[in-house]
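Open the model in your viewer and keep the selection tool ready. Each stop below says what to select and what is there.

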Amino acid sequence: MDTYLPILIMFVIAGGFAGAFLLLSYLLGPKKPTDSKLSVYECGLNPVGSARERFSVKYYLVAILFIVFDIEVVFMYPWAVNYKNAIKDGHGAYMIAVMGVFFVMLVLGLFYEWRKGAMNWSNQA
Amino acid sequence: MDTQLLHFIIVTLKLVIPFAIILTFIPLLVWLERKGSAFIQDRPGPNRAAIMGIRLCGLIHPFADAMKLMFKEDIIPSQVHKFFYVLAPFIALSVASVTFLVIPFAAPMPFGGGVLSFQAANINAGVLYILAMTSMGVFGIMLAGWASNNKFARLGGLRSSAQMISYELSMGLAVISVIMWAGSLALNDIVSLQGANILRWNFIYDPLACLIFITAAFAETNRTPFDLPEGESELVAGYHTEYSSMKFSMFFMAEYANMVIASALIVTLFFGGWQIPFLDTNTFRTNADYYLYYFLVAAAVCCVILGTFLSIKFKKGRFGDKRDYEPLVFGVPAVVAGLAIFCLLVVLGRFPLPLEAANWIVAVCQIFTFLFKVLLMCWVFIWVRWTVPRIRYDQLMDLGWKFMLPLAMLNIVITAVRMLWQ
């Protein structure tokens, strides 16, 4: 608890600072709202259509792939921390084999989605 | 009661000082970016802002920018989702400020009965904490893009967050090989284990991880050559289209704070953190007066040489107004500082150094070394920005997924095999 308390205090301080900045501009700036200032910016034209239309599914795919590989990275962290000690104890090859199985499965997954075109950002086949 | 108060004061100082360092680095980096880019592009750069007639070579410009942005009108457009609109810059800035706590500034030193560690929170999962906070920075951008209810902002926010999460993977994987070498997640351990010998720092042990991490850090902080989300705001619009005044400046500050944090992380993980090259902490502590004397002599000589070199460029009449004095702004104080250090050494050099002061002197020197390295790395960020053109978005995503991710995985395999065979 003692080691993490400064982080909590810092969140409060940094949050207070950011909040103070927000308040500062709200208080110090002039307030002269006009119609054109309050409308959507679309390079000077009248806005066409709503901003909540559908967007490309590529973003969703990127997010899903990120989650899968991030979980893999998270699982590799404890392994990486203990690898040095394990080599000293003589279990180095075992450690590599165990992580290697996990790793190979995910590398195969990466290879599969590469070939299937999930990582093609431009729409060329 | 006394130790409690001392403990409280120490914790407060350890919180306030990194925060103050970040807040000082931000205007300095804005100035460095503008002057440095001007130097690279062979033009003078900003040198007009003055306080009562004293121009400080453009150093006042960032503060003038801050003042201007503070007094601008804070427009909240009618179509935005108000809560998230206000929350987004709040998250961006506060998360960027909090990350600096776990980065060690100097070696832990024996103080009062225990050990004083020069990081605000000596958590044993320091690297994970920093990666987590960097991931939270994506929230700010995503919320800004979505809440603005503006097509350009939404697309800019989506693209920026997709870019950031793609390169976070390579960053995490590159860090894994550093952790394998160090055997610990705590940043202080990683720095201590690098030792003082430059040839044993992590950028020599694992150059591939260094390159991958530096490239991923460029992408994470939305700096060129990966600054399409930011460059879009120059070309069309970006995730901060609908923001004005202080909220925009908070995004701006958050970007520079992220740059400082990325530089600090690169320096800590790969370039030896607070380690002074070839000067081990214990050697320094036992012979503090000897090394300090020669350091100060070297610093005085460097200051005088730099000052003379800058002052020589002073030629009255080149511009015909106050801009003539610009080289002198840094030249004259450098010469004066060098001579002052020299006089101080001559006067105080005959007194021996008390033992407690030796530890503090070592700590101060290490803090200076760390900050100098961070500034150097920030200069590299700025240098690359003004040298390399921006890459296209699909090239960017291809690079992140098809090149850097397999390369980072290969690096882990190589590191594991290397460590086994040593």
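How many residues of chain B are in contact with chain A, and how many of chain A with chain B? In this predicted model, 82 residues of chain B are in contact with 68 residues of chain A, where contact means heavy atoms within 4.5 Å.

Some ground rules come first. Residues are numbered from 1 along each chain as its sequence is written, and chains are lettered from A and ligands numbered from 1 in the order in which they are written. Local features need pLDDT of at least 70 and side-chain atom pairs count only at pLDDT 80 or more, while totals for chains, interfaces and linings use all residues; side-chain values use heavy atoms, with hydrogens and water left out.

**Stop 1: the interface.** Select both chains. The size of an interface is often given as the accessible area lost when the parts come together. Here the buried area (accessible area, 1.4 Å probe, that two parts lose on being put together, summed over both) is about 6,500 Å², and carbon and sulfur atoms give 76% of this area. Zero salt bridges are counted between chain B and chain A; a salt bridge needs a side-chain nitrogen of Lys or Arg within 4 Å of a carboxyl oxygen of Asp or Glu.

**Stop 2: chain A.** Select chain A alone. Chain A has four helices and zero strands; helices are DSSP runs of H or I with at least four residues, strands runs of E with at least two, numbered from the N terminus. Of the 125 residues in chain A, 29% are buried, that is, under 20% relative accessible area (1.4 Å probe, protein chains only).

**Stop 3: helix 8 of chain B.** Select residues 207-220 of chain B. The 14 residues of helix 8 should span 20 Å at 1.5 Å a residue, and this agrees with end C-alpha atoms 20 Å apart; the expected span is 1.5 Å times one less than the number of residues. Ten of the 14 residues are buried, including Phe213(B), Phe218(B) and Glu220(B). Just after helix 8, Asn222(B) takes a positive phi of about 55°.

**Stop 4: Asn411(B).** Select Asn411(B), which lies in helix 15 (residues 393-421) of chain B. Is Asn411(B) buried or exposed? Asn411(B) counts as buried because its relative accessibility is 2%. Leaving out residues up to four places away in sequence, Asn411(B) touches Ser177(B), Asp206(B), Leu208(B) and Ala209(B). Ala209(B) is one of the buried residues of helix 8. The side chains of Asn411(B) and Ser177(B) are joined by a polar contact of 3.2 Å.

Key
Buried means under 20% relative accessible area, exposed over 50%, partly exposed in between (1.4 Å probe, protein chains only). A polar contact is a pair of N or O atoms within 3.5 Å; within protein, one must be able to donate a hydrogen and the other to accept it, and residues adjacent in sequence count only if both atoms are side-chain atoms.
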